[in-house]
Amino acid sequence: MKKTNQILKQVLGQNFSTRVIRFPGGHMTWQKNDPDGMGVLDKALHDKDYHQIDWNVLPKDAEGAPKNAEQLISEFMRNMGNREKVVVLMHDTYGKEETAKALPEIIRYLKKQGYEFKTIK
């Protein structure tokens with residue numbers, strides 16, 4: 001973790017600091033595939049005061065057939081429901097231009113509903 005934090009500081013600035021991680025594919029996937037191993041890893045992270053976070057809403061921009069912005073917004077709305085806290089998983093890579101097009105509308109919707117955007121620490 002120390003080397004990772006050094007690299008992040010080089011990219012994001014020397015004041016960057018976090019104790020939060022996200023497992024590629026999500027904690028739930030790792031937990032399902034190796035519950036014993038994740039128990040050991042969870043304890044090690046807890047002992048070092050690290051916390052993991054998973055998403056709870058996704059527009060499914062990486063699942064199934066490609067979707068246009070309108071379809072992504074619709075999928076986001078369906079997945080969101082009436083959650084008090086929202087952690088949205090969206091992808092930002094080649095081929096995800098429609099995700100970028102959907103993002104402003106999703107942000108507007110969340111703000112209109114009274115959600116606040118915060119840094120996870």
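**A buried aspartate and the nonpolar core**

Analyst: Asp-54 sits in the loop between β2 (51-52) and α4; helices (H or I, at least four residues) and strands (E, at least two) are DSSP runs numbered from the N terminus. This is a predicted model, in which local features need pLDDT of at least 70 and side-chain atom pairs count only at pLDDT 80 or more, while totals for chains, interfaces and linings use all residues. Residues are numbered from 1 along each chain as its sequence is written, and side-chain values use heavy atoms, leaving out hydrogens and water.

Asp-54 is buried, meaning under 20% relative accessible area with a 1.4 Å probe, protein chains only. Asp-54 has no salt bridge, a term for a side-chain nitrogen of Lys or Arg within 4 Å of a carboxyl oxygen of Asp or Glu. The nearest side chain of opposite charge, Arg-22, is 5.6 Å away. Its side chain does reach backbone: a polar atom lies 2.9 Å from the backbone nitrogen of His-27, and the backbone nitrogen of Met-28 is reached at 3.2 Å. Leaving aside neighbours within four places in sequence, Asp-54 is in contact (heavy atoms within 4.5 Å) with Gly-26, His-27, Met-28 and Val-87.

The largest nonpolar core has 10 residues, including Val-57, Phe-76 and Tyr-115. Such a core is a set of buried Ala, Val, Leu, Ile, Met, Phe, Trp, Tyr and Cys residues joined through side-chain atoms within 4.5 Å. Its largest share, 5 residues, comes from α4. Apart from this core lies another, of 5 residues, among them Ile-21 and Phe-23.

Note on methods. Buried means under 20% relative accessible area, exposed over 50%, partly exposed in between (1.4 Å probe, protein chains only). Lys and Arg count as positive and Asp and Glu as negative; His and the chain ends are not counted. A polar contact is a pair of N or O atoms within 3.5 Å; within protein, one must be able to donate a hydrogen and the other to accept it, and residues adjacent in sequence count only if both atoms are side-chain atoms.
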